[in-house]
Amino acid sequence: MTDLPISKITRRSDARAINAETVVGLAESIANVGLINPIRVRASGDGWEVIAGVHRFEACKSLGLVEIAADVVTDDDLHAELAMIDENLCRAELSPSDRARQTARRKAIYLELHPETGHGKATKESGQVVHSFAEATAAITGVDERTVRRDAERGQKILPEVLDMIAGTKLDTGAYMDKLKAMPGSDQFKAAQRDLLHLRHLERQSAARPKVKIADAPLNDEAAQERQVAALMSAWNKASAE
């Protein structure tokens with residue numbers, strides 16, 4: 001681990017979009033207790049690129065820090081992308097479509113690195129056990145193997161552009177993606193486009209409806225008496241001498 005100049009560090013071009021709320025929360029924590037977990041970087045040009053810890057990196061930048069603690073590694077492209085995906089999958093705020101996309105990509109990388117596990121079972125390599133994709137991913141992310149396989153299947157079977165369409169919308173749910181993955185690609189696109197238009201139509205209708213005023217909660221006896229006394233005093237004060 002070493003301290004590196006922040007000005008010489010960049011984010012990966014394929015890094016996940018930054019969550020502003022996460023950055024603000026991390027910045028507050030770092031300002032109070034410092035950076036507990038260093039970021040992970042590798043050499044890139046005359047500087048370094050962030051492999052894992054991009055939100056911590058952005059938080060330190062927002063605080064105006066000049067240097068940041070980092071673990072410098074020599075990962076190749078596949079291992080660097082795998083590390084970035086693993087950190088993403090360990091985060092709770094991933095939407096179902098993001099999780100499906102990231103899990104499917106992790107599976108593709110893992111099978112490229114360990115093709116001998118393609119049958120879904122652990123193998124031995126140089127005397128060491130190489131776990132199946134589902135086993136390895138479950139151990140890293142803390143979810144069960146069934147969930148890993150389900151997320152990977154969603155990401156593999158649903159077109160990337162369809163995942164982009166539904167991301168962050170009310171259609172971004174596991175149940176909806178399970179419907180999409182059973183369709184041919186061309187039908188997926190048409191279905192998502194149709195359902196998004198329907199959602200927007202419903203939202204416009206809802207916005208156009210007059211707002212119904214909800215009655216105040218009933219008063220308890222003491223509060224009711226206080227209001228009645230106040231009303232009587234107000235009426236007495238407004239009354240003429242006659």
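This is a predicted model: local features need pLDDT of at least 70, side-chain atom pairs count only at pLDDT 80 or more; totals for chains, interfaces and linings use all residues.
Strand β3, residues 39-44, and strand β4, residues 47-52, run antiparallel and are joined by five bridges. Across this pairing, R40 lies opposite A52 in β4. Two strands are called paired if DSSP finds at least two bridges between them; helices (H or I, at least four residues) and strands (E, at least two) are DSSP runs, numbered from the N terminus.

Residues are numbered from 1 along each chain as its sequence is written, and side-chain values use heavy atoms, with hydrogens and water left out.

The pair β3 and β4 belongs to an open sheet of five strands, ordered β1-β5-β3-β4-β2, with mixed pairing. Because β1 (2-5) and β2 (9-11) stand at the edges with a single partner strand each, one side of each has no neighbour in the sheet. From one strand to the next, the twist averages 55 degrees.

Helix α3, residues 77-89, packs on this sheet and touches β3 and β4, contact meaning heavy atoms within 4.5 Å. The direction of α3 makes about 50 degrees with that of β4; axes are lines fitted to C-alpha atoms, for helices over the stretch in contact, and angles run from 0 to 180 degrees between N-to-C directions.

Turning to the whole chain, there are ten helices and seven strands. The C-alpha trace spans about 105 × 50 × 30 Å along its principal axes. Of the contacts with a separation of 6 or more, 68% are between residues 24 or more positions apart.
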